[in-house]
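Please keep the sequence and the structure in view while reading.

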Amino acid sequence: MTSTTAVPADPPVDLWSPRLRAMTVGSVALVSLLAFEALAVGTAMPTVARSLDGLGLYALAFGGSFASGVVAMVASGIWCDARGPRPAMWHGVVWFVAGLVVAGAATTMEVLVVGRVVQGFGSGLVSVALYVVVGQAYPEQLRRRIFAAFAAAWVVPSLVGPALAGLIVEHLGWRWVFLAVPAVAIPAALLVQPGLRALTATVATRPPAGALARIGWACGAGASAALLHYGGQQRGVLAAALIAGALAGLFVCVPHLLPAGFLRAARGLPTVIGLRALASAAFVAAEVVIPLMLSRERGFSPTGAGLVLTVGALSWSVGSWIQGRIRSPCSAATLPRAGLACITIGTAGVASALVPGLPVLPAVLSWSVAGLGMGLLYPSLSVLTLEQSAPAEQGRNSSALQLGDSLAAATVLALTGAVLAAGASPGPAGFATTLAVAAACGLLGLLLAGRVVLRPTP
């Protein structure tokens with residue numbers, strides 16, 4: 001038996017209608033908290049490692065959280081399809097808050113790593129459950145808008161998260177980067193609770209066939225992802241060996257977690273998930289080199305280089321807002337094509353900053369174009385994932401969408417680090433290579449975008 005959700009005769013036409021207001025506020029707040037914590041920890045962690053004398057476990061504090069999140073995404077998809085999103089959501093919030101408390105109270109780096117692993121598991125549960133909530137609670141005409149709101153919920157943390165975390169570390173202490181978040185996470189979850197209760201109807205009493213095997217493959221993928229993260233922070237032969245082993249592990253495990261036909265870009269959902277992975281790889285590859293490139297090649301201060309990244313975050317929000325106002329695209333491929341075209345042009349255009357004598361403004365404008373493309377693309381692919389998923393498969397497919405995204409980003413980060421570390425010091429050749437790979441990922445996605453349509457248009 002599968003879950004069923006009653007659709008009212010007159011579905012709400014606004015995210016802030018009485019029936020959806022609390023759900024919208026709570027869901028957006030949870031996304032903001034997940035975003036803030038993901039961004040703030042990077043700012044606080046150097047201080048944490050010095051305070052706890054744990055530099056040797058620095059990489060594991062990030063890789064462990066990422067690995068547990070991979071496992072949680074798969075587990076959450078299985079759980080949501082079997083029991084609805086409510087249990088996965090509540091357990092996710094509990095794990096997330098518990099991990100923050102453990103990390104904030106840690107007296108050794110080992111304990112902090114445990115807290116980070118628990119926190120990452122909770123984040124993975126919540127992130128997938130939120131997608132299933134959108135599929136069950138929001139009518140189709142509002143899904144673009146709620147996903148646009150989710151995108152906007154990442155923008156504010158992107159703009160103020162690192163700076164705010166720095167102020168907290170300096171004036172209150174690093175522990176409050178972890179301990180302050182639960183005070184907001186619990187009320188946000190309580191706002192979502194009434195809407196979650198209303199969704200529950202008849203649900204399956206057992207996980208689907210093969211669920212245990214999927215968890216096993218997820219554990220393998222998570223371990224490989226952690227190894228990839230660790231290898232990306234090493235140098236020389238050790239880095240090459242670790243990255244090669246991690247990529248081999250991902251190549252074996254990941255196909256078991258994504259839809260059949262993913263590697264050959266089969267029409268429909270496999271291509272939808274593939275485009276999300278390619279876009280993530282393209283954007284992250286460019287984003288990670290921009291501050292270093294502007295600093296070394298153009299003499300930008302860290303603040304100046306950060307402001308360039310801010311331009312991309314703001315234009316991402318604008319793109320999300322635009323796609324949320326488009327009621328009937330010409331076809332399912334229209335917005336993905338537009339987004340990937342912007343990503344391809346934008347990431348390629350950033351390389352103009354490597355041309356001596358050319359103003360930096362074209363590179364900055366190019367990055368804003370890439371951000372606009374991400375805003376057009378991400379919510380539209382999320383909507384397509386729900387549209388092409390049966391009610392009993394929304395969890396599994398939402399999990400696959402986010403899993404492909406996360407693993408693509410982790411892979412490109414590790415490989416980018418290896419490319420930039422190949423020479424004596426990062427230079428124009430390494431920057432140009434990375435940006436070329438980013439543009440190539442965007443171009444490949446653009447060529448495949450028409451395959452998101454289940455059947456070719458006559």
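## Thr 344 in helix H12

Thr 344 is found in helix H12, which spans residues 334-350; helices (H or I, at least four residues) and strands (E, at least two) are DSSP runs, numbered from the N terminus. At 13% relative accessibility, Thr 344 counts as buried, where buried means under 20% relative accessible area, exposed means over 50% and partly exposed lies in between, with a 1.4 Å probe and protein chains only.

Leaving aside neighbours within four places in sequence, Thr 344 is in contact (heavy atoms within 4.5 Å) with Ala 439, Gly 442 and Leu 443. Thr 344 and Phe 283 lie 61 residues apart in sequence, and their C-alpha atoms are 9.3 Å apart in space.

## Basis of the model

The model is predicted, and local features need a pLDDT of at least 70, side-chain atom pairs count only at pLDDT 80 or more, and totals for chains, interfaces and linings use all residues. Residues are numbered from 1 along each chain as its sequence is written, and side-chain values use heavy atoms, with hydrogens and water left out.

## Helices H1 and H2

Two packed helices are described by the angle between their axes and the distance between the axes. The axes of helix H1 (residues 21-51) and helix H2 (residues 58-83) come within 10 Å and cross at roughly 140°; axes are lines fitted to C-alpha atoms, for helices over the stretch in contact, and angles run from 0 to 180 degrees between N-to-C directions. The crossing of H1 and H2 is right-handed, a term used if the near helix is turned clockwise from the far one by less than a right angle, with left-handed used if the turn is anticlockwise.

On the H1 side the contact is made by Val 41, Gly 42, Met 45, Pro 46 and Ala 49, and on the H2 side by Tyr 58, Ala 61 and Phe 62. These residues divide into seven nonpolar, one polar and no charged, where Ala, Val, Leu, Ile, Met, Phe, Trp, Tyr, Cys and Pro count as nonpolar, Asp, Glu, Lys and Arg as charged, and the others, Gly among them, as polar.

## Residues along H1

Gly 42 lies in helix H1 and counts as partly exposed at 34% relative accessibility. The C-alpha atoms of Gly 42 and Gly 166, which are 124 residues apart along the chain, are separated by 10.0 Å.

Ser 51 is also found in helix H1 and is partly exposed, with a relative accessible area of 46%. Its C-alpha atom is separated by 34 Å from that of Arg 298, 247 residues away along the chain.

## The second largest pocket

The second largest pocket is lined by 32 residues, of which Phe 262, Ala 277, Leu 278, Ala 408 and Thr 411 lie nearest its centre. On a 1 Å grid over the protein atoms alone, a pocket is an open set of points with protein on both sides within 12 Å along at least five of seven lines, and lining residues have an atom within 4 Å of a point.

Helices H9 (236-253), H10 (269-298), H14 (394-420) and H15 (428-448) each supply at least two residues of this lining, and the largest share, nine residues, comes from H14. The lining residues divide into 25 nonpolar, seven polar and no charged.

## Ala 265 between H9 and H10

Most residues other than glycine have a negative phi. Ala 265, although not a glycine, has a positive phi of about 55°. Ala 265 lies in the loop between H9 and H10 and is buried, with a relative accessible area of 11%.

Methods:
1 Å grid on protein atoms, 1.4 Å probe; cavity = no way out; pocket = protein on both sides within 12 Å on 5 of 7 lines; lining within 4 Å.
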